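Please examine the structure shown here, together with its sequence. The briefing that follows is arranged by topic.

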Amino acid sequence: MRKRGLRFYARMYRKILVQDLKSKMSYRADFVISTFGMIMTNLSGFVTFMILFQNFPTINGWDYHHMLFLYGFSLVALTPVQCFFDNNWNLRFMVQSGDFIKYCFRPVNVFFYFISEVFDVKGLGQLAFGIGTIVYAWIKIGIPVTPLIILKLIVFLLTASLFMIALMNFAAATCFWIKGSGYVMVIMFRFKDFAKYPSSIFEGIFKIIFTFIIPIAFIAYYPSLVILTPDNVPLLSWISPLYGFVFVFLSYKFWMLGVRKYDFTGS
Amino acid sequence: MNPKRLLSITRAGIMESLQFRLGIFVTLFANLIYLVLVYYLWKAIYDSSGTDVVNGMTFSDTMIYLILATALFNFLEMFVVWDMSRKIQSGSLVLDLLKPMRFRKYTFWSYTGNHVVQFVLTFIPTFIVVMIVTHGAIPLGLNLVWFLIATVFALIINYNIEMLVAPICLFTESTWGINIVKETIVLLLSGASIPLAFFPEKARIVVQYLPFRAVYDIPLSILLDKSGSDNWQGLLQLFGLQLVWLVVLTAAGNLFWNCAVKKVTVNGG
(Lines give C-alpha, C1' and ligand atoms only; values in the text may rest on other atoms or scores of the structure.)
Protein backbone atom coordinates (compact mmCIF):
# COMPACT_ATOMS: atom_id res chain seq x y z
CA MET A 1 0.00 0.00 0.00
CA ARG A 2 1.26 3.45 -0.91
CA LYS A 3 1.96 5.80 1.96
CA ARG A 4 -0.51 8.65 2.07
CA GLY A 5 0.50 12.14 3.07
CA LEU A 6 -0.95 14.30 5.79
CA ARG A 7 -2.81 16.38 3.21
CA PHE A 8 -4.72 13.36 1.98
CA TYR A 9 -5.86 12.53 5.47
CA ALA A 10 -6.82 16.10 6.27
CA ARG A 11 -9.00 16.28 3.17
CA MET A 12 -10.60 12.97 3.97
CA TYR A 13 -11.25 13.93 7.57
CA ARG A 14 -13.11 17.00 6.39
CA LYS A 15 -15.29 14.96 4.07
CA ILE A 16 -16.15 12.36 6.68
CA LEU A 17 -16.83 15.11 9.21
CA VAL A 18 -19.35 16.79 6.92
CA GLN A 19 -21.16 13.50 6.39
CA ASP A 20 -21.24 12.84 10.11
CA LEU A 21 -22.63 16.28 10.90
CA LYS A 22 -25.30 15.87 8.24
CA SER A 23 -26.46 12.61 9.73
CA LYS A 24 -26.44 14.14 13.22
CA MET A 25 -28.63 16.99 12.05
CA SER A 26 -31.35 14.54 11.16
CA TYR A 27 -31.76 13.72 14.85
CA ARG A 28 -32.41 17.17 16.15
CA ALA A 29 -34.03 16.12 19.43
CA ASP A 30 -31.02 13.96 20.20
CA PHE A 31 -28.70 16.88 19.62
CA VAL A 32 -30.64 19.17 21.95
CA ILE A 33 -30.90 16.56 24.70
CA SER A 34 -27.26 15.59 24.43
CA THR A 35 -26.18 19.20 24.72
CA PHE A 36 -28.44 19.60 27.73
CA GLY A 37 -26.94 16.45 29.22
CA MET A 38 -23.44 17.76 28.73
CA ILE A 39 -24.35 20.99 30.50
CA MET A 40 -25.92 18.95 33.29
CA THR A 41 -22.78 16.88 33.87
CA ASN A 42 -20.67 20.01 34.00
CA LEU A 43 -23.09 21.70 36.36
CA SER A 44 -23.16 18.69 38.62
CA GLY A 45 -19.37 18.69 38.63
CA PHE A 46 -19.45 22.30 39.76
CA VAL A 47 -22.04 21.60 42.42
CA THR A 48 -19.91 18.78 43.84
CA PHE A 49 -16.93 21.09 43.78
CA MET A 50 -18.81 23.87 45.57
CA ILE A 51 -20.16 21.53 48.23
CA LEU A 52 -16.67 20.20 48.82
CA PHE A 53 -15.21 23.66 49.22
CA GLN A 54 -17.99 24.77 51.49
CA ASN A 55 -16.98 22.07 53.93
CA PHE A 56 -13.23 22.17 53.36
CA PRO A 57 -11.74 25.58 52.47
CA THR A 58 -8.38 24.28 51.25
CA ILE A 59 -7.24 20.99 49.82
CA ASN A 60 -3.60 20.15 50.29
CA GLY A 61 -2.65 23.80 50.44
CA TRP A 62 -4.59 24.69 47.32
CA ASP A 63 -7.15 27.43 47.76
CA TYR A 64 -10.46 27.85 45.99
CA HIS A 65 -9.32 29.87 42.98
CA HIS A 66 -6.26 27.77 42.25
CA MET A 67 -8.43 24.67 42.38
CA LEU A 68 -10.91 26.35 40.09
CA PHE A 69 -8.14 27.05 37.62
CA LEU A 70 -7.08 23.42 37.73
CA TYR A 71 -10.69 22.40 37.21
CA GLY A 72 -11.13 24.63 34.16
CA PHE A 73 -7.80 23.44 32.82
CA SER A 74 -8.89 19.81 33.06
CA LEU A 75 -12.21 20.58 31.34
CA VAL A 76 -10.48 22.16 28.36
CA ALA A 77 -7.84 19.44 28.24
CA LEU A 78 -10.58 16.81 28.10
CA THR A 79 -12.36 18.42 25.15
CA PRO A 80 -10.29 16.89 22.32
CA VAL A 81 -10.86 13.35 23.55
CA GLN A 82 -14.56 14.11 23.82
CA CYS A 83 -14.84 15.72 20.39
CA PHE A 84 -12.52 13.69 18.21
CA PHE A 85 -12.16 10.30 19.85
CA ASP A 86 -15.70 9.56 20.87
CA ASN A 87 -16.03 6.61 18.51
CA ASN A 88 -13.79 4.59 20.82
CA TRP A 89 -16.92 4.02 22.87
CA ASN A 90 -18.49 2.10 20.00
CA LEU A 91 -15.44 -0.07 19.41
CA ARG A 92 -16.46 -2.95 21.62
CA PHE A 93 -19.92 -3.23 20.08
CA MET A 94 -18.39 -3.20 16.61
CA VAL A 95 -15.85 -5.85 17.57
CA GLN A 96 -18.41 -8.01 19.31
CA SER A 97 -20.93 -7.88 16.49
CA GLY A 98 -18.30 -8.33 13.81
CA ASP A 99 -19.11 -5.04 12.09
CA PHE A 100 -15.59 -3.88 12.74
CA ILE A 101 -14.35 -5.84 9.74
CA LYS A 102 -15.58 -3.10 7.42
CA TYR A 103 -12.81 -0.81 8.61
CA CYS A 104 -10.17 -3.34 7.70
CA PHE A 105 -11.13 -3.45 4.03
CA ARG A 106 -10.44 0.19 3.19
CA PRO A 107 -7.07 1.29 1.85
CA VAL A 108 -6.60 3.82 4.64
CA ASN A 109 -5.25 3.66 8.14
CA VAL A 110 -7.74 1.67 10.20
CA PHE A 111 -7.33 3.79 13.32
CA PHE A 112 -7.78 6.99 11.38
CA TYR A 113 -10.82 5.73 9.55
CA PHE A 114 -12.49 4.44 12.67
CA ILE A 115 -11.84 7.52 14.81
CA SER A 116 -12.70 10.03 12.10
CA GLU A 117 -16.15 8.59 11.71
CA VAL A 118 -17.61 10.43 14.69
CA PHE A 119 -17.18 14.05 15.67
CA ASP A 120 -18.87 14.85 18.93
CA VAL A 121 -20.34 18.34 18.79
CA LYS A 122 -21.50 18.48 22.37
CA GLY A 123 -17.92 18.45 23.59
CA LEU A 124 -17.82 22.08 22.55
CA GLY A 125 -20.13 22.97 25.42
CA GLN A 126 -17.57 21.59 27.81
CA LEU A 127 -14.90 23.66 26.10
CA ALA A 128 -16.94 26.81 26.71
CA PHE A 129 -17.42 25.85 30.37
CA GLY A 130 -13.72 25.21 30.78
CA ILE A 131 -12.60 28.44 29.13
CA GLY A 132 -15.04 30.42 31.26
CA THR A 133 -13.69 28.81 34.43
CA ILE A 134 -10.08 29.41 33.45
CA VAL A 135 -10.73 33.07 32.66
CA TYR A 136 -12.56 33.62 35.95
CA ALA A 137 -9.87 31.93 38.02
CA TRP A 138 -7.15 33.69 36.01
CA ILE A 139 -8.57 37.10 36.92
CA LYS A 140 -9.10 36.17 40.58
CA ILE A 141 -5.57 34.82 41.02
CA GLY A 142 -4.18 37.79 39.13
CA ILE A 143 -1.91 36.07 36.64
CA PRO A 144 -0.47 38.66 34.23
CA VAL A 145 -1.62 38.44 30.63
CA THR A 146 1.32 38.37 28.23
CA PRO A 147 1.56 36.74 24.81
CA LEU A 148 4.17 34.33 26.17
CA ILE A 149 1.89 33.09 28.94
CA ILE A 150 -1.02 32.67 26.53
CA LEU A 151 1.24 30.69 24.22
CA LYS A 152 2.37 28.53 27.13
CA LEU A 153 -1.24 27.99 28.16
CA ILE A 154 -2.22 26.77 24.70
CA VAL A 155 0.82 24.52 24.33
CA PHE A 156 0.31 22.92 27.71
CA LEU A 157 -3.43 22.55 27.26
CA LEU A 158 -2.72 20.61 24.08
CA THR A 159 -0.10 18.59 25.92
CA ALA A 160 -2.54 17.77 28.67
CA SER A 161 -5.15 16.63 26.19
CA LEU A 162 -2.79 13.98 24.81
CA PHE A 163 -2.88 11.93 27.98
CA MET A 164 -6.59 11.36 28.11
CA ILE A 165 -6.63 10.48 24.40
CA ALA A 166 -3.97 7.86 25.03
CA LEU A 167 -5.76 6.49 28.09
CA MET A 168 -9.02 6.10 26.22
CA ASN A 169 -7.27 4.43 23.30
CA PHE A 170 -5.72 1.92 25.66
CA ALA A 171 -9.00 1.32 27.44
CA ALA A 172 -10.97 0.89 24.22
CA ALA A 173 -8.41 -1.44 22.67
CA THR A 174 -8.68 -3.88 25.56
CA CYS A 175 -11.87 -5.11 23.94
CA PHE A 176 -9.84 -6.80 21.23
CA TRP A 177 -8.54 -9.23 23.85
CA ILE A 178 -11.11 -9.21 26.61
CA LYS A 179 -14.75 -9.74 25.82
CA GLY A 180 -17.01 -7.78 28.10
CA SER A 181 -14.36 -5.20 28.93
CA GLY A 182 -16.73 -2.27 28.62
CA TYR A 183 -16.28 -1.42 32.24
CA VAL A 184 -12.60 -0.63 31.71
CA MET A 185 -13.61 2.33 29.60
CA VAL A 186 -16.24 3.46 32.05
CA ILE A 187 -13.80 3.45 34.93
CA MET A 188 -11.00 5.07 32.90
CA PHE A 189 -13.42 7.79 32.01
CA ARG A 190 -14.28 8.23 35.66
CA PHE A 191 -10.57 8.57 36.50
CA LYS A 192 -10.65 11.89 34.71
CA ASP A 193 -12.73 13.31 37.56
CA PHE A 194 -9.63 13.08 39.70
CA ALA A 195 -7.55 15.10 37.27
CA LYS A 196 -8.94 18.27 38.77
CA TYR A 197 -7.27 17.68 42.12
CA PRO A 198 -3.59 18.35 42.78
CA SER A 199 -1.69 15.12 42.37
CA SER A 200 0.36 15.94 45.43
CA ILE A 201 -2.39 14.12 47.31
CA PHE A 202 -0.99 10.76 46.22
CA GLU A 203 1.73 9.04 48.19
CA GLY A 204 4.24 6.28 47.79
CA ILE A 205 3.80 3.71 45.07
CA PHE A 206 0.52 5.22 43.95
CA LYS A 207 2.19 8.53 43.24
CA ILE A 208 4.32 6.69 40.68
CA ILE A 209 1.37 4.76 39.28
CA PHE A 210 -0.84 7.80 38.84
CA THR A 211 2.01 9.82 37.39
CA PHE A 212 3.56 7.43 34.92
CA ILE A 213 1.38 4.39 34.37
CA ILE A 214 -2.13 5.85 34.59
CA PRO A 215 -1.01 9.45 34.13
CA ILE A 216 -3.88 11.23 35.83
CA ALA A 217 -1.39 13.74 37.19
CA PHE A 218 -0.58 14.84 33.65
CA ILE A 219 -4.16 15.51 32.58
CA ALA A 220 -4.16 18.82 34.40
CA TYR A 221 -1.81 19.07 37.37
CA TYR A 222 1.70 19.09 35.89
CA PRO A 223 0.91 21.04 32.71
CA SER A 224 -1.03 23.67 34.65
CA LEU A 225 1.85 24.28 37.06
CA VAL A 226 3.67 26.01 34.21
CA ILE A 227 1.07 28.77 34.44
CA LEU A 228 0.25 28.66 38.14
CA THR A 229 3.74 28.59 39.66
CA PRO A 230 6.00 30.08 36.98
CA ASP A 231 8.91 30.45 39.41
CA ASN A 232 8.89 26.90 40.54
CA VAL A 233 8.01 24.59 37.68
CA PRO A 234 8.91 20.95 38.28
CA LEU A 235 10.89 19.09 35.66
CA LEU A 236 7.95 16.79 34.98
CA SER A 237 5.94 19.73 33.66
CA TRP A 238 8.59 20.53 31.08
CA ILE A 239 8.93 16.99 29.84
CA SER A 240 5.16 16.45 29.74
CA PRO A 241 4.83 17.29 25.98
CA LEU A 242 7.41 14.68 25.10
CA TYR A 243 5.89 12.12 27.42
CA GLY A 244 2.46 12.89 26.01
CA PHE A 245 3.54 12.11 22.47
CA VAL A 246 5.24 8.91 23.54
CA PHE A 247 2.11 7.86 25.39
CA VAL A 248 -0.20 8.55 22.48
CA PHE A 249 2.16 6.72 20.15
CA LEU A 250 2.19 3.68 22.45
CA SER A 251 -1.58 3.71 22.71
CA TYR A 252 -1.84 3.86 18.93
CA LYS A 253 0.51 0.90 18.59
CA PHE A 254 -1.49 -1.02 21.16
CA TRP A 255 -4.73 -0.25 19.34
CA MET A 256 -3.27 -1.40 16.01
CA LEU A 257 -1.92 -4.53 17.64
CA GLY A 258 -5.46 -5.24 18.68
CA VAL A 259 -6.66 -4.82 15.12
CA ARG A 260 -4.12 -7.32 13.92
CA LYS A 261 -5.20 -9.72 16.60
CA TYR A 262 -8.85 -9.18 15.74
CA ASP A 263 -10.76 -12.01 14.23
CA PHE A 264 -14.46 -12.37 13.84
CA THR A 265 -16.55 -13.26 16.79
CA GLY A 266 -19.16 -13.86 14.15
CA SER A 267 -22.71 -12.74 14.49
CA MET B 1 -46.87 -16.32 36.96
CA ASN B 2 -45.22 -19.12 38.83
CA PRO B 3 -41.92 -18.34 40.52
CA LYS B 4 -40.11 -21.21 38.86
CA ARG B 5 -40.41 -19.56 35.49
CA LEU B 6 -39.21 -16.25 36.85
CA LEU B 7 -36.21 -17.95 38.41
CA SER B 8 -35.31 -19.62 35.17
CA ILE B 9 -35.11 -16.20 33.52
CA THR B 10 -32.89 -15.07 36.37
CA ARG B 11 -30.69 -18.12 35.90
CA ALA B 12 -30.28 -17.28 32.24
CA GLY B 13 -29.23 -13.79 33.31
CA ILE B 14 -26.66 -15.21 35.72
CA MET B 15 -25.18 -17.43 33.04
CA GLU B 16 -25.06 -14.57 30.60
CA SER B 17 -23.04 -12.38 32.93
CA LEU B 18 -20.69 -15.20 33.90
CA GLN B 19 -19.90 -15.68 30.23
CA PHE B 20 -17.15 -13.06 30.28
CA ARG B 21 -15.01 -14.20 33.17
CA LEU B 22 -11.89 -12.28 32.26
CA GLY B 23 -13.99 -9.16 31.96
CA ILE B 24 -15.13 -9.60 35.56
CA PHE B 25 -11.57 -9.81 36.86
CA VAL B 26 -10.57 -6.72 34.95
CA THR B 27 -13.61 -4.97 36.36
CA LEU B 28 -12.67 -5.90 39.91
CA PHE B 29 -9.13 -4.69 39.39
CA ALA B 30 -10.16 -1.39 37.81
CA ASN B 31 -12.54 -0.87 40.67
CA LEU B 32 -9.78 -1.35 43.20
CA ILE B 33 -7.69 1.35 41.55
CA TYR B 34 -10.68 3.64 41.58
CA LEU B 35 -11.11 3.10 45.31
CA VAL B 36 -7.46 3.99 45.85
CA LEU B 37 -8.11 7.30 44.13
CA VAL B 38 -11.12 7.97 46.32
CA TYR B 39 -9.06 7.12 49.39
CA TYR B 40 -6.22 9.52 48.62
CA LEU B 41 -8.54 12.35 47.68
CA TRP B 42 -10.53 12.22 50.90
CA LYS B 43 -7.47 11.63 53.00
CA ALA B 44 -5.96 14.83 51.63
CA ILE B 45 -9.24 16.63 52.16
CA TYR B 46 -9.50 15.57 55.80
CA ASP B 47 -5.80 16.21 56.43
CA SER B 48 -6.11 19.80 55.32
CA SER B 49 -9.34 20.46 57.18
CA GLY B 50 -7.71 20.42 60.60
CA THR B 51 -10.59 18.69 62.36
CA ASP B 52 -11.41 15.02 62.56
CA VAL B 53 -15.16 15.26 62.32
CA VAL B 54 -16.92 17.25 59.61
CA ASN B 55 -20.72 17.33 59.60
CA GLY B 56 -20.80 14.33 61.88
CA MET B 57 -18.69 12.25 59.51
CA THR B 58 -15.19 11.11 60.40
CA PHE B 59 -12.69 10.18 57.73
CA SER B 60 -13.38 6.50 58.09
CA ASP B 61 -17.16 7.12 58.02
CA THR B 62 -16.80 9.02 54.77
CA MET B 63 -14.50 6.39 53.31
CA ILE B 64 -16.78 3.50 54.19
CA TYR B 65 -19.76 5.41 52.88
CA LEU B 66 -18.13 6.26 49.56
CA ILE B 67 -16.54 2.85 49.01
CA LEU B 68 -19.78 1.06 49.68
CA ALA B 69 -21.64 3.60 47.56
CA THR B 70 -19.33 2.76 44.67
CA ALA B 71 -19.81 -0.92 45.25
CA LEU B 72 -23.55 -0.43 45.44
CA PHE B 73 -23.43 1.64 42.28
CA ASN B 74 -21.70 -1.16 40.39
CA PHE B 75 -24.15 -3.62 41.77
CA LEU B 76 -27.24 -1.58 40.94
CA GLU B 77 -26.06 -0.32 37.60
CA MET B 78 -28.42 -1.29 34.81
CA PHE B 79 -28.11 -0.58 31.15
CA VAL B 80 -31.84 -0.56 30.48
CA VAL B 81 -31.63 2.70 28.56
CA TRP B 82 -28.78 1.49 26.36
CA ASP B 83 -30.24 -1.95 25.85
CA MET B 84 -33.60 -0.56 24.93
CA SER B 85 -32.22 1.87 22.40
CA ARG B 86 -30.13 -0.87 20.83
CA LYS B 87 -33.20 -3.08 20.72
CA ILE B 88 -35.15 -0.33 19.02
CA GLN B 89 -32.42 0.16 16.45
CA SER B 90 -32.00 -3.51 15.68
CA GLY B 91 -35.70 -4.20 15.90
CA SER B 92 -35.37 -7.02 18.41
CA LEU B 93 -37.61 -5.11 20.82
CA VAL B 94 -40.51 -6.58 18.92
CA LEU B 95 -39.41 -10.09 19.83
CA ASP B 96 -39.36 -9.19 23.50
CA LEU B 97 -42.78 -7.61 23.25
CA LEU B 98 -44.14 -10.77 21.68
CA LYS B 99 -43.00 -12.94 24.58
CA PRO B 100 -45.84 -14.41 26.62
CA MET B 101 -44.93 -12.25 29.56
CA ARG B 102 -45.20 -8.58 30.43
CA PHE B 103 -42.17 -6.76 29.06
CA ARG B 104 -41.43 -4.88 32.28
CA LYS B 105 -41.54 -8.06 34.29
CA TYR B 106 -39.39 -9.97 31.84
CA THR B 107 -36.73 -7.24 31.79
CA PHE B 108 -36.68 -6.98 35.55
CA TRP B 109 -36.16 -10.66 36.13
CA SER B 110 -33.53 -11.05 33.46
CA TYR B 111 -31.54 -8.22 35.02
CA THR B 112 -31.86 -9.84 38.41
CA GLY B 113 -29.41 -12.50 37.31
CA ASN B 114 -26.83 -9.86 36.63
CA HIS B 115 -27.54 -8.27 40.01
CA VAL B 116 -26.97 -11.55 41.81
CA VAL B 117 -23.62 -12.03 40.10
CA GLN B 118 -22.56 -8.46 40.78
CA PHE B 119 -23.59 -8.68 44.40
CA VAL B 120 -21.54 -11.79 45.02
CA LEU B 121 -18.56 -10.73 42.93
CA THR B 122 -18.25 -7.03 43.71
CA PHE B 123 -20.29 -6.01 46.70
CA ILE B 124 -19.42 -8.82 49.09
CA PRO B 125 -15.64 -8.71 48.41
CA THR B 126 -15.65 -4.93 48.83
CA PHE B 127 -17.58 -5.28 52.04
CA ILE B 128 -15.10 -7.82 53.40
CA VAL B 129 -12.13 -5.65 52.43
CA VAL B 130 -13.71 -2.67 54.17
CA MET B 131 -14.32 -4.80 57.27
CA ILE B 132 -10.70 -5.92 57.40
CA VAL B 133 -9.16 -2.52 56.67
CA THR B 134 -11.30 -0.66 59.20
CA HIS B 135 -11.03 -3.43 61.83
CA GLY B 136 -14.77 -3.90 61.97
CA ALA B 137 -16.06 -0.34 61.88
CA ILE B 138 -19.32 -1.58 60.43
CA PRO B 139 -21.62 -2.85 63.14
CA LEU B 140 -22.69 -6.45 62.57
CA GLY B 141 -26.17 -7.23 63.74
CA LEU B 142 -29.74 -6.79 62.73
CA ASN B 143 -28.69 -3.85 60.56
CA LEU B 144 -27.36 -6.34 57.99
CA VAL B 145 -30.84 -7.78 57.58
CA TRP B 146 -32.39 -4.31 57.30
CA PHE B 147 -29.69 -3.39 54.83
CA LEU B 148 -30.54 -6.35 52.61
CA ILE B 149 -34.23 -5.43 52.63
CA ALA B 150 -33.43 -1.78 51.91
CA THR B 151 -31.17 -2.89 49.05
CA VAL B 152 -33.94 -4.92 47.47
CA PHE B 153 -36.20 -1.86 47.70
CA ALA B 154 -33.42 0.27 46.24
CA LEU B 155 -33.08 -2.18 43.40
CA ILE B 156 -36.75 -1.97 42.52
CA ILE B 157 -36.79 1.83 42.80
CA ASN B 158 -33.70 2.06 40.64
CA TYR B 159 -35.26 -0.23 38.05
CA ASN B 160 -38.36 1.90 37.97
CA ILE B 161 -36.36 5.09 37.51
CA GLU B 162 -34.62 3.37 34.58
CA MET B 163 -37.90 2.24 33.14
CA LEU B 164 -39.31 5.74 33.42
CA VAL B 165 -36.35 7.12 31.54
CA ALA B 166 -35.79 4.42 28.92
CA PRO B 167 -39.09 4.87 27.02
CA ILE B 168 -38.16 8.50 26.41
CA CYS B 169 -35.71 7.05 23.88
CA LEU B 170 -38.69 5.79 21.94
CA PHE B 171 -39.78 9.36 21.38
CA THR B 172 -36.53 11.23 21.05
CA GLU B 173 -34.12 8.71 19.56
CA SER B 174 -31.56 10.07 21.95
CA THR B 175 -29.72 7.59 24.13
CA TRP B 176 -26.52 9.15 25.30
CA GLY B 177 -28.23 12.40 26.23
CA ILE B 178 -31.09 10.81 28.16
CA ASN B 179 -28.78 8.43 29.93
CA ILE B 180 -26.26 11.05 30.99
CA VAL B 181 -28.97 13.33 32.36
CA LYS B 182 -30.41 10.46 34.39
CA GLU B 183 -27.05 9.29 35.64
CA THR B 184 -25.90 12.77 36.62
CA ILE B 185 -29.04 13.49 38.58
CA VAL B 186 -29.10 10.12 40.32
CA LEU B 187 -25.40 10.18 41.24
CA LEU B 188 -25.47 13.70 42.60
CA LEU B 189 -28.75 13.60 44.50
CA SER B 190 -28.42 10.08 45.85
CA GLY B 191 -25.22 10.84 47.70
CA ALA B 192 -23.11 8.46 45.65
CA SER B 193 -20.53 11.06 44.64
CA ILE B 194 -20.52 13.14 47.80
CA PRO B 195 -22.25 12.07 51.04
CA LEU B 196 -25.54 13.85 51.64
CA ALA B 197 -24.29 14.92 55.06
CA PHE B 198 -22.02 17.45 53.35
CA PHE B 199 -24.82 19.17 51.46
CA PRO B 200 -25.82 22.66 52.60
CA GLU B 201 -28.68 22.59 55.08
CA LYS B 202 -31.43 23.80 52.76
CA ALA B 203 -30.48 21.58 49.87
CA ARG B 204 -30.34 18.61 52.19
CA ILE B 205 -33.93 19.10 53.34
CA VAL B 206 -35.14 18.97 49.73
CA VAL B 207 -32.90 16.09 48.69
CA GLN B 208 -33.97 14.09 51.71
CA TYR B 209 -37.44 13.54 50.30
CA LEU B 210 -36.48 12.78 46.70
CA PRO B 211 -36.51 9.20 45.45
CA PHE B 212 -32.81 9.21 44.56
CA ARG B 213 -31.83 9.11 48.17
CA ALA B 214 -33.71 5.85 48.55
CA VAL B 215 -31.30 4.19 46.12
CA TYR B 216 -27.93 4.75 47.80
CA ASP B 217 -28.20 6.86 50.90
CA ILE B 218 -30.88 4.92 52.76
CA PRO B 219 -29.36 1.43 52.44
CA LEU B 220 -25.94 2.78 53.38
CA SER B 221 -27.27 4.79 56.32
CA ILE B 222 -29.01 1.70 57.59
CA LEU B 223 -25.89 -0.39 57.23
CA LEU B 224 -23.78 2.17 59.08
CA ASP B 225 -26.44 2.90 61.73
CA LYS B 226 -26.59 6.56 60.70
CA SER B 227 -29.46 9.01 60.10
CA GLY B 228 -31.37 7.74 63.13
CA SER B 229 -31.65 4.21 61.79
CA ASP B 230 -30.43 2.81 65.11
CA ASN B 231 -33.91 2.99 66.62
CA TRP B 232 -37.23 1.60 65.45
CA GLN B 233 -38.80 4.95 64.74
CA GLY B 234 -36.00 6.17 62.52
CA LEU B 235 -35.79 2.84 60.75
CA LEU B 236 -39.49 2.85 60.00
CA GLN B 237 -39.24 6.37 58.64
CA LEU B 238 -36.51 5.37 56.20
CA PHE B 239 -38.35 2.26 55.08
CA GLY B 240 -41.56 4.29 54.81
CA LEU B 241 -39.91 6.76 52.46
CA GLN B 242 -38.58 3.91 50.34
CA LEU B 243 -41.95 2.21 50.22
CA VAL B 244 -43.80 5.36 49.21
CA TRP B 245 -41.42 5.98 46.34
CA LEU B 246 -41.47 2.34 45.38
CA VAL B 247 -45.24 2.38 44.98
CA VAL B 248 -45.35 5.77 43.27
CA LEU B 249 -42.59 4.98 40.80
CA THR B 250 -43.87 1.52 39.99
CA ALA B 251 -47.28 2.92 39.21
CA ALA B 252 -45.87 5.79 37.18
CA GLY B 253 -43.49 3.50 35.34
CA ASN B 254 -46.25 1.08 34.46
CA LEU B 255 -48.48 3.83 33.18
CA PHE B 256 -45.77 5.50 31.16
CA TRP B 257 -44.55 2.27 29.60
CA ASN B 258 -48.08 1.29 28.58
CA CYS B 259 -48.47 4.65 26.85
CA ALA B 260 -45.04 4.57 25.26
CA VAL B 261 -45.24 1.07 23.89
CA LYS B 262 -48.14 2.08 21.67
CA LYS B 263 -45.90 4.63 20.03
CA VAL B 264 -43.08 2.23 19.21
CA THR B 265 -41.88 2.50 15.68
CA VAL B 266 -39.30 -0.08 14.83
CA ASN B 267 -37.34 0.18 11.64
CA GLY B 268 -36.85 -3.26 10.17
CA GLY B 269 -35.70 -6.13 12.33
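Axes are lines fitted to C-alpha atoms, for helices over the stretch in contact, and angles run from 0 to 180 degrees between N-to-C directions. Helices themselves (H or I, at least four residues) are DSSP runs, numbered from the N terminus, as are strands (E, at least two). The model is predicted: local features need pLDDT of at least 70, side-chain atom pairs count only at pLDDT 80 or more, and totals for chains, interfaces and linings use all residues. Residues are numbered from 1 along each chain as its sequence is written, chains are lettered from A and ligands numbered from 1 in the order in which they are written, and side-chain values use heavy atoms, with hydrogens and water left out.

**The interface between the chains**

- Contact means heavy atoms within 4.5 Å, and the contact between the chains takes 42 residues from chain A and 44 residues from chain B.
- Buried area is the accessible area (1.4 Å probe) that two parts lose on being put together, summed over both.
- Between chain A and chain B, about 3,800 Å² is buried, and carbon and sulfur atoms give 78% of this area.
- Of the area that chain A buries against chain B, 17% is supplied by Phe56(A), Tyr183(A) and Phe194(A), more than any other three residues.
- Ser44(A) lies in helix 2 (residues 28–55) of chain A and touches Thr184(B) and Leu188(B), not counting residues up to four places away in sequence.
- Ser44(A) counts as buried because its relative accessibility is 14%, where buried means under 20% relative accessible area, exposed over 50% and partly exposed in between (1.4 Å probe, protein chains only).

**Helix packing in chain A**

- Two packed helices are described by the angle between their axes and the distance between the axes.
- In chain A, the axes of helix 3 (residues 64–77) and helix 13 (residues 221–228) come within 10 Å and cross at roughly 125°.
- Helix 3 of chain A is therefore oblique to helix 13 of chain A; angles under 35 degrees count as roughly parallel, over 145 as roughly antiparallel, 65 to 115 as roughly perpendicular and the rest as oblique.
- The crossing of helix 3 of chain A and helix 13 of chain A is right-handed; a crossing is left-handed if the near helix is turned anticlockwise from the far one by less than a right angle, and right-handed if clockwise.
- From helix 3 of chain A, His66(A), Phe69(A), Leu70(A) and Phe73(A) meet Tyr221(A), Pro223(A), Ser224(A), Ile227(A) and Leu228(A) of helix 13 of chain A.
- By class, this contact of helix 3 with helix 13 of chain A holds seven nonpolar, two polar and no charged residues; Ala, Val, Leu, Ile, Met, Phe, Trp, Tyr, Cys and Pro count as nonpolar, Asp, Glu, Lys and Arg as charged, and the others, Gly among them, as polar.

**Buried residues in chain A**

- Pro223(A), in helix 13 of chain A, counts as buried because its relative accessibility is 0%.
- Residues touched by Pro223(A), not counting those up to four places away in sequence, include Phe73(A), Phe156(A) and Ser240(A).
- Ile165(A) belongs to helix 9 (residues 147–173) of chain A, and at 8% relative accessibility Ile165(A) counts as buried.
- Pro80(A), Val81(A) and Phe85(A) are touched by Ile165(A), not counting residues up to four places away in sequence.
- Ile165(A) and Phe247(A) are 82 residues apart along the chain, and their C-alpha atoms are separated by 9.2 Å.

**Helix packing in chain B**

- The axes of helix 3 (residues 59–76) and helix 6 (residues 103–133) of chain B come within 8 Å and cross at roughly 170°.
- Helix 3 of chain B is therefore roughly antiparallel to helix 6 of chain B.
- The residues in the contact of helix 3 with helix 6 of chain B divide into eleven nonpolar, five polar and no charged.
- Helix 7 (residues 142–165) and helix 9 (residues 176–189) of chain B pack at an angle of about 150°, with their axes 10 Å apart.
- Ile161(B), Glu162(B) and Val165(B) of helix 7 of chain B meet Ile178(B), Lys182(B) and Val186(B) of helix 9 of chain B.
- The contact of helix 7 with helix 9 of chain B has four nonpolar, no polar and two charged residues.

**A loop residue in chain B**

- Phe199(B) is placed in the loop between helix 9 and helix 10 (201–208) of chain B, and at 6% relative accessibility Phe199(B) counts as buried.
- Leaving aside neighbours within four places in sequence, Phe199(B) is in contact with Ile51(A), Leu188(B), Ile194(B), Arg204(B) and Val207(B).
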